[in-house]
Amino acid sequence: MESNSSTRRVFHIVTGTLAVAIIGFVLVLPLGIILKEAFSKGVGAWWEALSDADTLSAIKLTLLTTAIVVPVNTVMGVVMAWAIAKFEFKGRTFLVSLIDLPFAVSPIVAGLVFILLLGPRNGWFGPWLDAHGVRLVFSTAGVIIATLFVTFPFVVRELIPLMREQGSAEEQAALSLGAKPWKMFWRVTLPNIRWGLLYGVILTLARSVGEFGAVSVVSGHIRGETNTLPLHVEILYNEYSFTAAFAAASALSLVAVVTIIAKSIVEKRK
Amino acid sequence: MSIEIKHINKHFGDFHALHDVSLTIPTGKLVAILGPSGCGKTTLLRIVAGLESADADGGDVLFDGESTIATPVNRRRVGFVFQHYALFRQMTVAENVAFGLTVKPKADRPSKAEIKAKVEELLDLVQLSHLGARYLDELSGGQRQRVALARALAIAPKVLLLDEPFGALDAQVRASLRRWLRHLHDTINVTSIFVTHDQEEALEVADQVVVMNKGRLEQSGSPNELFTQPKSEFVMNFLGEVNIFHGRFENGQAVFGAKAAADSAHAKMLVRPHDFKIARTPEAGGISAQVVRVLTAGSIVKIELSDDTKQTLYVHQSHAEFDKNPVKADEQVWLIPTSQRIFRNGEDWNGDYII
Amino acid sequence: MAILKERSILPGFRWSFAATVVWLGLLVLLPLSTLVVNSLTIGFEETPYHVVSDGKLTGEIVYLHDRDLDDKAVAPAGSDLSGESVNAIIYGEVEEIPVEELELVAPTRGERFWAGVWRGVPQFIEKAFNERVLASLRVTFSTAFFAAILNLFLGGIIAYALVRIKIPGKKVLDSLIDLPFAMPTAICGIAMVTMYAPNGPVGALAAKAGIKIAFTPLGITLALLFIGLPFVVRALQPALLDLGTELEDAAMSLGASRFTAWRRVIVPTIAPALLTGFTLAFARGLGEYGTVIFIAGNTPMKTEISSLLIVTQLEQFDYAGATAIALTMLTASLALIFGINKFFTNRHKSLK
């Protein structure tokens, strides 16, 4: 028994060290490199790079996109989860698989389908939209639509299992006590799902700030106009403006770190 | 408020859950709907509450003669106590109880002080006034049950409906809570229906018991009526223990025992364990049996016997009766039913019989 | 309301269901259907025209795009060529011209349809499976596969450590696992290339050992390693937690070595979770773009991944080519995910 428990200890120490080493090398080192490169020429240079006009407009577009996408996908996520989790209807599983689809699709393909649909020359509705002066790809609208697509599953996928597990007895109780539908939702359903909802919102937020592939295809890369921050990082990097690229990247990494902190806090309360 | 259930049918897909159920419940009574699981009793209760809709084929539920079938649940003013309580997990006990008052439209809503007073009164009624600020995970099962009841009573319900109110509790708590429920009903006097699968619970608490089986209403009456005059084999079998004897019908007579041939119409005689006389010598109408075991520990004496077909029979006697004529294991005796009921195809049959 | 299987007293089914269907239809079904429809109609981009010479059909057929027609004189299908003149379209205008000047006769609908179908199949195959595309698929699938396999081992060690071993700062380590989920992929991409480039911290070491990482398939694999790790760890953690320590202890009390205990008892028990983690990491690797493009080098036939090839085709306005590759990739990842779902529903027949 003695030797057994000591071999176990050795085994645990070796495995534990190995795990920490892998996390450090695979996950933390890249983050460190971004910070190191961002500040390699000092805080002044970092700040200057971030205050560049094109960078600022990229930040603005990213914030605008997030400000539209997150509320829309939150509301739609709750609405879809309500229909799918609380009712038994024909075709339910089909709708659930549609919700899973964006996760199976490469971001590039996600961008591509919107060009095939809305592209001004060859898209299904593109020429018609173009004739009416509406441009839904290679524009800010395109960035928003593509981001909507890649982020919409986060909230609804978080809520469906949660709401199914909770059942609808509490909602029925609220109704039997005289609550109107809106009161029932506001006072009973929403408080019950709030942590799951918040979790989904955090994931949506992180992805809409950071989405690259899909947005890259539909944005048109118009500098100062349709470039989001991740796209701007790419351009700066390809122009060998490394300090500026890593400065912007460090700002995005900060968002990522805040995201995982928020995630782990919310996860505990779920 | 009286409740009248008229010709209610309910299908779930192809499954016919309720067959033309009609029932009248007079004002102020406490009624138990009793039946095995899957008999449709909960569905019936939920239809009365408006939580489930009946088939739209003319059936109706009337409160004081007024049709409610088109009234949605949130305007029916029924107090419903859910099987697993369905308490709002994000609210305190007091907030749960106050819910029905706080969701009233502004015009009808009592003031905050009135709500607070009402909640305190109700918590007092269910003996939980010290727990108002607690959350539900700090409460025992029996306490949650009482919170659910107080919450349902807060809206001053016209009727109180309870779905397996004691189903999730352990035996000891069940027993004390059901006496308490009876007492509470006598205090507040609201027409109440509760659903249960426990016959003891139904017979002990209710003014009127309704027995359901396979979506049909079998019999409705006072506990005593049901116990002593069951209209069907199912009711007699479900309410209390019985011994079953198989026989046949012959020339307008029911024939039991060795004389019965196997190929004629099936007769069943049901005798409760306490409805036997035990004789040591053969007697006309007696069933020959051998004593297997005698259990004297307990408030009654339980005698286990085996008849000629090796069927196990049970006889219950009071200690006084047993002491007059004690039997022992392996003894050959004859059992004479003092009260029995005979059923043909499950229906009560009144006629001569021979053993 | 016939769509509801059970009537419910809960409010809001009609409109929430309608909103769900409309939203999913517009945002998912309609856009993704373009891939299928555009692939099916790939042969209809060009129209078969009958060639006319000296006022007579030559029997020859040319396939022309609409934009090539401007200055050609085209008569409608079934035009009578026996007269002196014929109605034809030139520069989008209908004109009556001498029959000798007529160049083409338009096909009938049937001719057009069958030509589209017959030419579509080989065209799609050419677009979806030409040498360059096949090379890109090879690079994409092999790097994603090896990265996912490697992640099974690394993720396995991490998951075991996080579940079983008392490590100081475990909560922080656990949160760090989600970093690849939270980091924008482009940022990961430039971090990867900086790290593994010949003058980067890791790349320099590797270069001394004579190993080139950046701009090789190895670089792509390492980038996908980063992006796929959390999938494996998050799939394994609950499985290991459920497992408890009894099985391992029991196996070892029966005389098995720790390695044998793992091989014979633990791994088979958590096999479904391993498979899930592997599939998710693999599927993600197939579609990954941002993390990979900076480090890949993007040399056609060698380090060009399929996602990048789609972008290249788009930049060259070869929409049909981009669509064909996209459909192939989408089919592959759907098959993977569908396959794993099927595997699990077959394993335990319980419906969730």
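How many residues does helix H5 of chain B have, and how far does the helix reach from its first C-alpha to its last? In this predicted model, H5(B) spans residues 171-188, which amounts to 18 residues, and reaches 26 Å between its first and last C-alpha atoms. This is close to the 26 Å expected at 1.5 Å a residue.

The buried residues of H5(B) are B:Arg174, B:Leu177, B:Arg178, B:Leu181, B:Leu184 and B:His185. These residues lie on the same side of H5(B), because they cover an arc of only 125 degrees around the axis. An α-helix has 3.6 residues a turn, so residues three or four places apart point the same way. Elements that cover the buried residues of H5(B) include strand S3 (30-34), helix H4 (141-154), strand S8 (191-196) and helix H6 (199-205) of chain B. Just after H5(B), a positive phi of about 55 degrees is found at B:Asn189.

Chain A contributes 16 residues and chain B 19 residues to the contact between them. On the side of chain A that touches chain B, helix H9 (169-176) and helix H10 (181-210) of chain A each supply at least two residues. H9(A) gives the most, with seven residues. By class, this side of chain A comprises eight nonpolar, four polar and four charged residues.

Within chain A, helix H3 (residues 53-86) packs against helix H8 (residues 153-166) at an angle of about 35 degrees, and the two axes are 8 Å apart. The crossing of H3(A) past H8(A) is right-handed. On H3(A), the contact is made by A:Asn73, A:Thr74, A:Gly77, A:Val78, A:Met80, A:Ala81, A:Ile84, A:Ala85 and A:Lys86. The residues from H8(A) are A:Val155, A:Val156, A:Leu159, A:Ile160, A:Met163 and A:Arg164. Ten nonpolar, three polar and two charged residues form this contact of H3(A) with H8(A).

In chain C, C:Phe278 is located in helix H11 (residues 271-287). C:Phe278 counts as buried because 22 C-beta neighbours lie inside 10 Å, the threshold being 20 or more. Apart from neighbours within four places in sequence, C:Phe278 is in contact with C:Ala148, C:Leu152 and C:Val232.

Notes
Residues are numbered from 1 along each chain as its sequence is written. Chains are lettered from A and ligands numbered from 1 in the order in which they are written. This is a predicted model: local features need pLDDT of at least 70, side-chain atom pairs count only at pLDDT 80 or more; totals for chains, interfaces and linings use all residues. Two residues are in contact if their C-beta atoms, placed from the backbone, lie within 7 Å. Helices (H or I, at least four residues) and strands (E, at least two) are DSSP runs, numbered from the N terminus. Ala, Val, Leu, Ile, Met, Phe, Trp, Tyr, Cys and Pro count as nonpolar, Asp, Glu, Lys and Arg as charged, and the others, Gly among them, as polar. Axes are lines fitted to C-alpha atoms, for helices over the stretch in contact, and angles run from 0 to 180 degrees between N-to-C directions. A crossing is left-handed if the near helix is turned anticlockwise from the far one by less than a right angle, and right-handed if clockwise. The expected span of a helix is 1.5 Å times one less than its number of residues. A residue is buried if 20 or more other C-beta atoms lie within 10 Å of its own, exposed if 12 or fewer, and partly exposed in between; C-beta atoms are placed from the backbone. The arc is that of the directions from the helix axis to the C-beta atoms.
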